[in-house]
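This report is for a reader who is new to the structure shown below.

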Amino acid sequence: MKPISLTRYLIQEQHAGRINADLRLLIEVVARACKTISIAVGKGALGGVLGDAGTPGAQSMNIQGEAQKKLDVLSNDILLEANAWGGHLAGLASEEMDHSQPIPDAFQRGNYLLLFDPLDGSSNIDVNISVGTIFSVLRCPDDVTSPGDEHFLQPGTAQVCAGYTTYGPSTMLVLTVGHGTHAFTLDREVGSFVMTARDMRIPEETKEFAINMSNQRHWEAPMQAYVGDLLAGKEGPRGKDFNMRWVASMVADVHRILTRGGVFFYPIDAKCRDKGGKLRLMYEANPMSFIVEQAGGAASTGRQRMLDVVPTGLHQRVPVMLGSRAEVEAAVAYHARHDAAP
Ligand code: FBP
């Protein structure tokens with residue numbers, strides 16, 4: 001069958017009554033903004049977009065206390081501008097902004113809230129490794145016209161749409177509106193996203209894990225034990241050898257898992273315990289967990305299904321484990337046994 005465009009797929013979802021016109025427009029607008037970001041990323045040094053934002057000695061920092069890259073700021077501005085005037089949003093929130101922003105009074109407001117990590121994998125921007133954009137869509141509470149941060153604090157189960165775009169050898173958009181997870185590749189000649197994988201399925205079992213091993217000594221005991229048994233391979237209690245991959249761009253590691261299986265971990269450790277974890281719940285863990293679950297995988301904090309976590313803050317961090325269902329359940333079981341032990 002001739003591959004269909006993102007626009008045609010969304011119109012089919014609308015005709016099937018699974019999404020409404022506003023959500024279809026919102027997704028189209030986000031996809032178009034990602035095309036613009038893809039061009040900027042693709043230009044690299046030729047576009048003068050590499051390196052830190054701000055000036056030497058006066059780096060600009062985001063609320064996470066991280067130095068902002070020029071592409072972090074540029075991608076954020078592109079998504080803000082693209083989503084301001086469409087009439088389908090009431091407000092938006094970003095990794096790069098301290099607080100959420102209601103859509104300006106000058107523009108018509110809609111019924112949705114958009115959260116995004118404008119450029120994920122910042123540490124890889126200057127070294128030409130895949131980076132991406134991650135987004136999540138929630139409904140704005142009915143009686144709210146000018147949403148504040150508190151209106152975004154909805155559990156992952158309340159998401160109506162989630163997606164990410166990877167800016168790698170090809171630019172791909174992976175999307176769910178709650179009816180499976182599908183991938184679209186950007187046809188640069190035509191300038192449109194074309195479906196290249198329908199109903200992606202993550203294999204139940206896997207022999208591949210992704211974690212930043214350099215943090216091993218800081219992990220909790222159950223994580224030490226779990227990874228220790230993976231590394232022990234077929235001579236160990238797991239009875240099979242495991243391979244490891246770590247791109248240090250969540251979008252790239254998760255895309256590999258959606259494509260061929262695997263499990264991804266960013267556990268709590270002594271370095272990030274005071275922050276509750278490294279990765280952010282609202283615009284990293286929740287959208288990725290919705291996408292993974294819709295592809296037959298699982299996602300957990302190690303002690304709770306990720307999508308059931310009740311958020312307490314816009315930039316809240318959480319421990320993350322997601323991917324092939326059997327392996328996530330195995331890691332969760334190590335934590336349960338440890339926590340149950342006297
Ligand atoms: P940001 O780049 O958006 O801050 O995301 C965090 C991130 O880069 C993830 O994409 C990635 O999985 C992780 O941090 C890498 O962490 P580390 O540098 O510890 O390997």
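The model is a predicted one.

The buried residues of H7 include Leu 281, Met 282, Tyr 283 and Glu 284. Further along, Ala 285, Asn 286, Pro 287 and Met 288 are buried in H7 too, as are Ser 289, Phe 290, Ile 291 and Val 292.

Asn 286 lies in helix H7. With a relative accessibility of 2%, Asn 286 falls under the 20% limit and therefore counts as buried. Leaving out residues up to four places away in sequence, Asn 286 touches Gln 154, Pro 155, Gly 156 and Gln 159, and also Leu 281, Met 306 and Leu 307.

**The protein as a whole**

The secondary structure of the protein consists of eight helices and 17 strands. Its radius of gyration is 20 Å, close to the 20 Å that the globule rule gives for 342 residues, so the protein is as compact as a globular protein of that length. Taken along the principal axes, the box filled by the C-alpha atoms is roughly 60 × 55 × 45 Å. Of the 342 residues, 56% are buried. Among the contacts between residues at least 6 apart in sequence, 63% join residues at least 24 apart.

Two packed helices are described by the angle between their axes and the distance between the axes.

| Pair | Angle between axes | Distance between axes |
|---|---|---|
| H1 (residues 6-15) and H2 (residues 21-43) | roughly 165° | within 10 Å |
| H2 and H3 (residues 70-84) | roughly 150° | within 9 Å |
| H5 (residues 221-232) and H8 (residues 325-340) | about 135° | 8 Å |

The axes of H1 and H2 cross at roughly 165°, which makes H1 roughly antiparallel to H2. H1 passes H2 in a right-handed crossing. From H1, the residues Leu 6, Thr 7, Leu 10, Ile 11 and Gln 14 meet Ala 21, Arg 24, Ile 27, Glu 28 and Ala 31 of H2. Sorted by class, this contact of H1 with H2 has six nonpolar, two polar and two charged residues.

How are H2 and H3 oriented to each other? Their axes cross at roughly 150°, and angles over 145 degrees count as roughly antiparallel, so H2 and H3 are roughly antiparallel to each other. The crossing of H2 and H3 is right-handed. On the H2 side the contact holds Leu 26, Val 29, Val 30, Ala 33, Thr 36, Ile 37, Ala 40 and Val 41, which meet Leu 71, Leu 74, Ser 75, Ile 78, Leu 79, Ala 82 and Asn 83 on the H3 side. By class, the contact of H2 with H3 has 12 nonpolar and three polar residues, and no charged ones.

H5 and H8 pack at about 135°, and they are therefore oblique to each other. H5 passes H8 in a right-handed crossing. Ala 221, Pro 222, Met 223, Ala 225, Tyr 226, Asp 229 and Leu 230 of H5 meet Glu 327, Ala 330, Ala 331, Tyr 334, His 335 and His 338 of H8. The residues of this contact of H5 with H8 divide into nine nonpolar, two polar and two charged.

**Two further buried residues**

Ala 331, which is placed in helix H8, has a relative accessibility of 0% and so counts as buried. Residues up to four places away in sequence aside, Ala 331 touches Tyr 226, Phe 265 and Met 321. From Ala 331 to Leu 153 the separation is 178 residues in sequence and 27 Å in space, C-alpha to C-alpha.

Asp 253 has its place in helix H6, residues 250-260. Is Asp 253 buried or exposed? At 0% relative accessibility, Asp 253 counts as buried. Not counting residues up to four places away in sequence, Asp 253 touches Ala 210, Arg 245, Trp 246, Val 247, Ala 248 and Phe 264. Asp 253 and Ile 211 are 42 residues apart in sequence, and their C-alpha atoms are 9.5 Å apart in space.

Note on methods: Residues are numbered from 1 along each chain as its sequence is written. This is a predicted model: local features need pLDDT of at least 70, side-chain atom pairs count only at pLDDT 80 or more; totals for chains, interfaces and linings use all residues. Side-chain values use heavy atoms; hydrogens and water are left out. Axes are lines fitted to C-alpha atoms, for helices over the stretch in contact, and angles run from 0 to 180 degrees between N-to-C directions. Helices (H or I, at least four residues) and strands (E, at least two) are DSSP runs, numbered from the N terminus. Angles under 35 degrees count as roughly parallel, over 145 as roughly antiparallel, 65 to 115 as roughly perpendicular and the rest as oblique. A crossing is left-handed if the near helix is turned anticlockwise from the far one by less than a right angle, and right-handed if clockwise. Contact means heavy atoms within 4.5 Å. Ala, Val, Leu, Ile, Met, Phe, Trp, Tyr, Cys and Pro count as nonpolar, Asp, Glu, Lys and Arg as charged, and the others, Gly among them, as polar. The radius of gyration is taken over C-alpha atoms; the globule rule is 2.2 Å times the number of residues to the power 0.38. Buried means under 20% relative accessible area, exposed over 50%, partly exposed in between (1.4 Å probe, protein chains only).
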